[in-house]
Amino acid sequence: MFGYVMVNKPELKVRELDEYQAYYCGLCHMLKKQHGRAGQATLSFDMTFLTVLLSGLYEPEEQSQCSRCITHPLVKHQMVTNKYSSYAADMNLLLSYYNLLDNWKDDHNYKSRILAGLLSRRRKKTAARYPRQHQAILHYLQDLSTCEQEHAQDLDLAAGLTGTMLGEIFACEEDAWAPYLRRLGFFLGKFIYLMDAAEDLEEDRESGSYNPWLPFSEQEDFMSYSRQVLTMMMGECSLAFEQLPILKNAGILRNILYSGVWSKYEQIKEKQKHV
Amino acid sequence: MFDPYQVLGVDPAASEDEIKKAYRQLSRKYHPDANINNPNKAQAEEKFKDVQQAYEQIMREREQGYRGGQANGYGGSAYGGTGSGYGNGSYGNSQDQDFGDFGWGPFGAFWGSFGEGQQQGQQQQYQGGNSPKMQAAANYINARHYNEALNVLDSITDRDAQWYYFCAVSHAGLGNNVNALSYAKQAVSLDPGNLEYQRLVQRLESGGQWYQTQGTRYGQGGSNCSSVLCTICALNLCCGSCGGYGGVRYC
């Protein structure tokens with residue numbers, strides 16, 4: 001269900017794109033360093049966003065280097081790491097691990113099961129380091145499965161569970177900014193959940209799986225209604241972002257929040273037109 | 001009187017980036033870590049707290065401006081009223097004094113900023129009318145116990161416009177913005193003349209409206225779908241050419 005929080009590349013400045021890619025490569029590097037090759041395979045755009053966000057907010061000391069890696073063997077790439085790419089790598093591992101288990105449970109996807117098995121030991125260690133975030137993920141999975149079983153006819157409920165969990169992940173330190181990061185993560189999480197559900201709508205209709213959009217999908221104005229709801233979520237998310245004193249990386253972050261997150265939406269819309 | 005613009009040394013007409021810049025400079029200067037050997041350590045820490053408070057206050061007021069509150073009139077002299085109002089209320093003010101610990105969830109703070117528009121720095125107090133159950137719901141809302149408020153509201157069968165309004169307020173406090181908007185609209189349709197209900201609808205919709213005007217500056221899709229499709233092509237190309245982009249993503 002992840003991968004929506006990406007940049008809108010053509011709208012980025014060249015310098016910003018370089019910086020974004022340096023964070024992306026840095027996160028990949030930290031994943032490998034902290035969690036091995038299997039960990040590296042879980043790299044995501046969402047946690048790249050978290051790295052860029054926290055680096056912009058806290059402006060930590062950064063290590064910058066030029067290096068080759070297995071995915072870019074020919075060209076040297078600039079990469080930037082700091083304590084927040086390390087944090088995001090740990091969060092990436094926790095989220096991926098449970099997501100893989102979920103894929104296994106739902107679809108009996110063997111690839112997921114194998115990768116989850118490879119990550120299991122690292123997951124235990126990482127969970128012990130971040131008990132608050134780990135508990136949030138466990139609670140989330142439990143509540144979400146109850147919500148799905150009850151077929152809750154409520155757009156806020158399941159999305160809110162995702163949001164609450166992501167808010168806990170975003171609030172990496174209990175400081176003055178934690179409430180803002182929770183709010184930002186909360187509405188971003190709601191957006192991600194609802195966007196993902198919109199993408200899966202037809203599939204879920206056929207398979208009879210839970211999807212909060214289903215009761216609304218027969219309405220004539222469904223497309224404009226779903227867009228309005230998704231826009232509301234990003235509105236609240238972005239208002240929380242604008243409250244933070246972020247100057248560094250602000251261009252990249254605004255590109256993602258105001259534009260990049262919609263990259264897949266047009267694809268989804270196209271898909272639904274053909275149904 | 002606490003003038004946040006004076007504390008940050010910026011003009012009330014300053015842009016948000018200027019405010020953020022000023023905040024960053026000052027908070028770095030007065031940060032406890034930077035003043036360990038300073039003989040006036042205590043003063044620096046005091047100043048550090050003031051800077052933090054000033055920044056958060058300005059940003060909160062500006063957000064209200066975006067939400068169509070009265071904050072447009074803030075800045076300069078109009079603003080002083082808020083400053084003096086602080087510290088008087090029963091709660092809601094802890095927000096302004098004790099940073100880092102709002103004492104309630106993020107939407108309490110979100111909601112708290114709603115009420116302030118009308119009563120200058122103080123939380124709006126809800127009155128429940130004649131029914132004891134509605135009064136109980138109002139009390140829960142005032143204490144920011146939104147789940148309890150919803151439980152009480154659920155047990156009420158006589159549902160008037162105010163009932164829908166209270167539901168909307170409670171849901172907004174919990175971050176349930178879709179439900180909140182739907183209840184608020186029902187309240188308006190039952191009592192179209194009520195300004196308070198209208199204002200709630202406007203505030204719940206304001207985030208999305210503000211977002212759309214901001215979004216056009218960053219090439220937001222929708223009106224310009226070809227550019228978004230280009231984005232996807234560009235991303236895919238990148239996946240193809242450098243292999244690693246995306247890799248085995250966990251989606």
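You're looking at a predicted model, where local features need pLDDT of at least 70, side-chain atom pairs count only at pLDDT 80 or more, and totals for chains, interfaces and linings use all residues. Residues are numbered from 1 along each chain as its sequence is written, while chains are lettered from A and ligands numbered from 1 in the order in which they are written.

Next, pick residues 45–58 of chain A: that's helix 2, where confidence in the chain is highest, at a mean of 97. Then jump to helix 11 of chain A, residues 265–273, where it is lowest, at 76.

Switch to cartoon view. Chain A has eleven helices and two strands (DSSP runs numbered from the N terminus: H or I of at least four residues for helices, E of at least two for strands). Its C-alpha trace spans about 55 × 40 × 40 Å along the principal axes.

Now go to chain B and select helix 7 (residues 132–142) and helix 9 (residues 161–173): their axes come within 11 Å and cross at roughly 25°. Axes here are lines fitted to C-alpha atoms, for helices over the stretch in contact, with angles from 0 to 180 degrees between N-to-C directions.

Finally, show side chains. B:M134, B:A137, B:A138 and B:I141 of helix 7 meet B:Q162, B:F166, B:V169 and B:S170 of helix 9 (contact means C-beta atoms, placed from the backbone, within 7 Å).

Definitions and conventions
Contact = placed C-beta atoms within 7 Å. pLDDT = per-residue confidence, 0-100.
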